[in-house]
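Please open the model in a viewer in which residues can be selected by chain and number. The stops below are meant to be followed in order.

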Amino acid sequence: MACARTQAEAVPMSASLAVQQISKSFRGLQALADVSFEIQPSTITALIGPNGAGKTTLFNIIAGAQTPDRGAIVLDGCRIDGLRPDQICRLGIARTFQMVKPFAGLTVLDNVVIGALSCCTRVKEARQRANAILDMVGLGPKRSRASALLALPDRKLLELARALATRPKLLLLDEVLGGLRPSECDRMMALLRDITEREGISLVLIEHVMRAVMALARTVIVLHHGEVIAQGTPASIVREQAVLDCYLGEPLRV
Amino acid sequence: MKRRAILLVIGVFGLLLTLPLWASPYTVSLATLFLFFAYAGQAWNIMMGFAGLLSLGHALYLGVGAYTVAALYDHFSIGPWLGLWVALALCGLLAAAMAALAFRYRVAGVYFALLTIACAEFARIGFDHFTWVGGSGGLFLKVVEPGRMDLLNLRGPPAMFYYLILLLAGAALLLSALLLRSRAGYYWQAIRESEEAAAALGVNSFRWKMLAVMISGAMTALAGMFSAFYYSNLFPEQLFHISRSIEIILGPIIGGVGTLFGPIIGAALLTALGDGATEFVAAVGWDVPGVKQLVYGIVLFAIVAFLPEGIWPALARKLKLFQ
């Protein structure tokens, strides 16, 4: 794993990730079967599929929260599967949680400082970095609020800010747009586009908001019952029969 | 408004600094007791308040710390300030061993708390039969003639012990404040709020939890040393008993878990009310054994029901100490 670490330092702000034949089952229930795909540096990839398709499990495996039964996760040419979540974070993969997990007893700023500490040696630097990121995502005016008191859209922003503070090369976002009003959704989409284009961070989105998927993603990967049933550009995906079948049901045969 | 807080701390500290000059010996002994629990409560608070690890067996470190320093002094004439380092190391290692096992086998929450009780009880029974240090019959330290003060061997008048524990409680407050503002403090609080989210942000929770447990255990060993030399007698049934562990944690719980001043406020209130009740009952002439525990219970009940955050957060808001 030493190789992965030196790689992480050599490649600055973009990462390529390869998911290779990942399988995972829970007590006989196959959550992921032979899932493979690649993510190019500085791109946005959307991971879609019906509930229970295995999207969050896949995130957990990439982020190290769960270990795969088979297969490999390769970041910039080095295997990272089997590492702990904190090690994977320090190699440049950050994530947000679908069920947001703010550090409820702490202020908005302190939440982000904790993320920033993973790449800053001094607390003072981490505070500066956290402040800059809060301004970037638009939470600056709320920095000294208790994070437990934030409304859902702000919690999602906080979750994003905290992950960004770790200086990731690849960011896994689990439904950051879910539950947002259209105007909030537009703001978040602009922010995500900004993060990729300006900072060069690759994004993988789990998303149900198709409007955002179509507008943001360069590549869409469709998971169904733990298998990749389609991948390609957004335009090609919506014409794919297998995708239509899994979302709308198979055509009635009479 | 932070200046008000600082002024308040300086005022209270000045009052405490001059206490033996104007207060009665009884008041000084009460204040010693209060500061002892303020110190031990702060040690416990680092584990539970900062890192979210519930220990109900801090009597273990209190006892092991006390017995280590006392036995080295009694058997080998090794001065307490030297023996202290052995006690700190021993309690740090004990805490580390217990915590490493717990974290390795994912013993968490209530089960972690049960494990800490088990370890303290195990030590209590072990020391009951440990004849080298007196077993259940106790260990007694040589008492020197009254009036002579020997700070190096911690033999001296009550005022000496008062100033020692005042220094310790002050140092613990300073250490807690520094830790809370350091990387460790941020990481501990992150782990306390959500270990999963902390790990996703690059926090090696095992390492930082170990640090909290070791600091807390070692600090409590120092309380043990103080206790041994202040009372000059050690009994396993007293030092390792679960009621000791409970007394240690009552202060922070009542004052405010995880806050800097909570353990101090809580200890002050409990000492005042506990002994106030004892005095009152004696003065009125009633015979109520265990009235102190009764008061502790009532206070605890009131806090849980009306101020679950503890007194300090509510007080700080009321006095507008932080804003």
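**Before selecting anything**

The model is predicted: local features need pLDDT of at least 70 and side-chain atom pairs count only at pLDDT 80 or more, whereas totals for chains, interfaces and linings use all residues. Residues are numbered from 1 along each chain as its sequence is written, and chains are lettered from A and ligands numbered from 1 in the order in which they are written.

**Stop 1: chain B as a whole**

Chain B holds 14 helices and 2 strands; helices (H or I, at least four residues) and strands (E, at least two) are DSSP runs, numbered from the N terminus. The C-alpha trace of chain B spans about 60 × 45 × 40 Å along its principal axes. Chain B has a radius of gyration of 20 Å, which agrees with the value near 20 Å that a compact globule of 323 residues would have. That radius is taken over C-alpha atoms, and the globule rule is 2.2 Å times the number of residues to the power 0.38.

Of the 323 residues of chain B, 44% count as buried. A residue is buried if 20 or more other C-beta atoms lie within 10 Å of its own, exposed if 12 or fewer, and partly exposed in between, with C-beta atoms placed from the backbone. Among contacts in chain B between residues at least 6 apart in sequence, 75% join residues at least 24 apart; two residues are in contact if their C-beta atoms, placed from the backbone, lie within 7 Å.

**Stop 2: B:I46**

Select B:I46, which lies in helix α2 (residues 25–50) of chain B. B:I46 is buried, with 29 other C-beta atoms within 10 Å. Leaving aside residues up to four places away in sequence, B:I46 touches B:S176, B:L179, B:A212, B:I215 and B:S216. For B:I46 and B:L179, the separation is 133 residues in sequence but 8.9 Å in space, C-alpha to C-alpha.

**Stop 3: a pair of crossing helices**

Now select α7(B) together with helix α9 (residues 205–231) of chain B; their axes come within 10 Å and cross at roughly 110 degrees. That makes α7(B) roughly perpendicular to α9(B), a label that covers angles of 65 to 115 degrees. Axes are lines fitted to C-alpha atoms, for helices over the stretch in contact, and angles run from 0 to 180 degrees between N-to-C directions.

Which residues make the contact between α7(B) and α9(B)? They are B:A184, B:Y187, B:W188 and B:I191 of α7(B), and B:S205, B:W208, B:K209, B:L211 and B:A212 of α9(B). These residues divide into 7 nonpolar, 1 polar and 1 charged. Here Ala, Val, Leu, Ile, Met, Phe, Trp, Tyr, Cys and Pro count as nonpolar, Asp, Glu, Lys and Arg as charged, and the others, Gly among them, as polar.

**Stop 4: the antiparallel sheet of chain A**

Move to chain A and select the open sheet of 4 strands, ordered β2-β1-β4-β5 with antiparallel pairing. β2 (29–39) and β5 (78–79) of chain A stand at the edges, each with a single partner strand, so one side of each is left without a neighbour in the sheet. Two strands pair if DSSP finds at least two bridges between them.

Strand β1 (residues 17–26) of chain A pairs with β2(A) over 7 bridges, and A:L17 stands opposite A:I39 in β2(A). β1(A) and β2(A) form a hairpin with 2 residues between them, and A:R27 in the turn has a positive phi of about 45 degrees. Strand β4 (residues 70–75) of chain A joins β5(A) through 2 bridges, where A:V74 has A:R79 as its bridge partner.

**Stop 5: the mixed sheet of chain A**

Next, select the open sheet of 6 strands, which has the order β6-β7-β8-β3-β9-β10 (chain A) and mixed pairing. Its edges are β6 (93–95) and β10 (227–232) of chain A; each has a single partner strand, so one side of each is left without a neighbour in the sheet. From one strand to the next, the twist averages 20 degrees. Strands β3 (residues 44–48) and β8 (residues 202–206) of chain A run parallel and are joined by 4 bridges, with A:I44 opposite A:L203 in β8(A).

**Stop 6: A:D194**

Select A:D194, found in helix α7 (residues 182–199) of chain A. With 13 C-beta neighbours inside 10 Å, A:D194 counts as partly exposed. The C-alpha atoms of A:D194 and A:Q30 are separated by 37 Å.

**Stop 7: where the chains touch**

Finally, display both chains. The contact takes 17 residues from chain B and 22 residues from chain A. On the side of chain B that touches chain A, α7 (183–193) and α8 (195–200) of chain B each supply at least two residues. The largest share of that side, 6 residues, comes from α7(B). The residues of this side of chain B divide into 8 nonpolar, 5 polar and 4 charged.

Definitions and conventions
Angles under 35 degrees count as roughly parallel, over 145 as roughly antiparallel, 65 to 115 as roughly perpendicular and the rest as oblique.
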